[in-house]
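Student: Could you take me through one part of this model up close? I'd like a single connected walk through one residue and what surrounds it.

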Amino acid sequence: MKTPDIPRLIELPRIYDPRGNLTFVQNDDDFMPFKIERAYWIYDVPAGAERGSHAHIEALSLIIAAGGSFNVNLFDGVKWWKFTLNRPFEALFVPPGYWRTLDNFSSGSVCLSLTSLPYSEDDYIRDFDAFMRTKAV
C-alpha cells in the first residue's frame, strides 16, 4: 500500500456485466493507499447544503460518489482543488491536513467515505481559522 501526500483520483476495479457492473474495494488490493477502518455515507442532502467543512489530523480518506454527483473542495493552506465526483468506480484519495467541503449535491446522491481510522473527535479540525494556524507553523 502506498500513501501519496497529495489528493488524487483512484480508479477502482470494475467487473463488467450486461446485467449491471460491480465495483469493489478490499484491504489487500495494491491500489488501496491504506487499510479501511471505517465507512460512512451521506445522503438526502438538501439542495444548496454544504457538508464536510473540516480537516483530519491523521486519518486518510477515500471519497466516492456511490450515487449521483457532488463536488469535493480541498485546501492545503495555499492551494484549492475542486473535484467533481460522479462515477462509482472513482475514489478521491484525501490525505490528512486538507480542509474539505462538499457541495453541489445532485438529487439522490450518496457520498461514501472510507477512512483509515475509527471515529475520534480528536482527529478533527472543525474551525477554519484553527486549521490555518496549523499551516502557519
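Tutor: Let's start with H54, which is found in strand 5. Keep in mind that this is a predicted model. H54 counts as buried because its relative accessibility is 6%, and the cut-off for buried is under 20%.

Now for the strands around it. Strand 5 covers residues 51–56, and it pairs with strand 10 (residues 99–103) in the antiparallel sense, over 3 bridges. Within strand 10, R100 is the bridge partner of H54. Strand 5 is also joined to strand 12 (residues 124–125) by 2 bridges, again running antiparallel. There, Y124 in strand 12 stands opposite H56.

That brings us to the side chains: H54 and H56 are joined by a polar contact of 3.3 Å. If you set aside the neighbours within four places in sequence, H54 touches Y98, W99, R100, Y124, I125 and R126. So R100 turns up both as a bridge partner and in the contact list of H54, because contact here just means heavy atoms within 4.5 Å.

For context, look at the nonpolar cores too. The largest has 16 residues, and I63, F70, V72, L74, L85, L92 and C111 have the most contacts inside it. Strands 6 (61–67), 7 (70–75), 8 (80–85) and 9 (90–94) each supply at least two residues of this core. A second, separate core has 11 residues, including L12, I36, A91 and F93.

How values were computed:
Residues are numbered from 1 along each chain as its sequence is written. This is a predicted model: local features need pLDDT of at least 70, side-chain atom pairs count only at pLDDT 80 or more; totals for chains, interfaces and linings use all residues. Side-chain values use heavy atoms; hydrogens and water are left out. Two strands pair if DSSP finds at least two bridges between them. Helices (H or I, at least four residues) and strands (E, at least two) are DSSP runs, numbered from the N terminus. A nonpolar core is a set of buried Ala, Val, Leu, Ile, Met, Phe, Trp, Tyr and Cys residues joined through side-chain atoms within 4.5 Å. Buried means under 20% relative accessible area, exposed over 50%, partly exposed in between (1.4 Å probe, protein chains only). A polar contact is a pair of N or O atoms within 3.5 Å; within protein, one must be able to donate a hydrogen and the other to accept it, and residues adjacent in sequence count only if both atoms are side-chain atoms.
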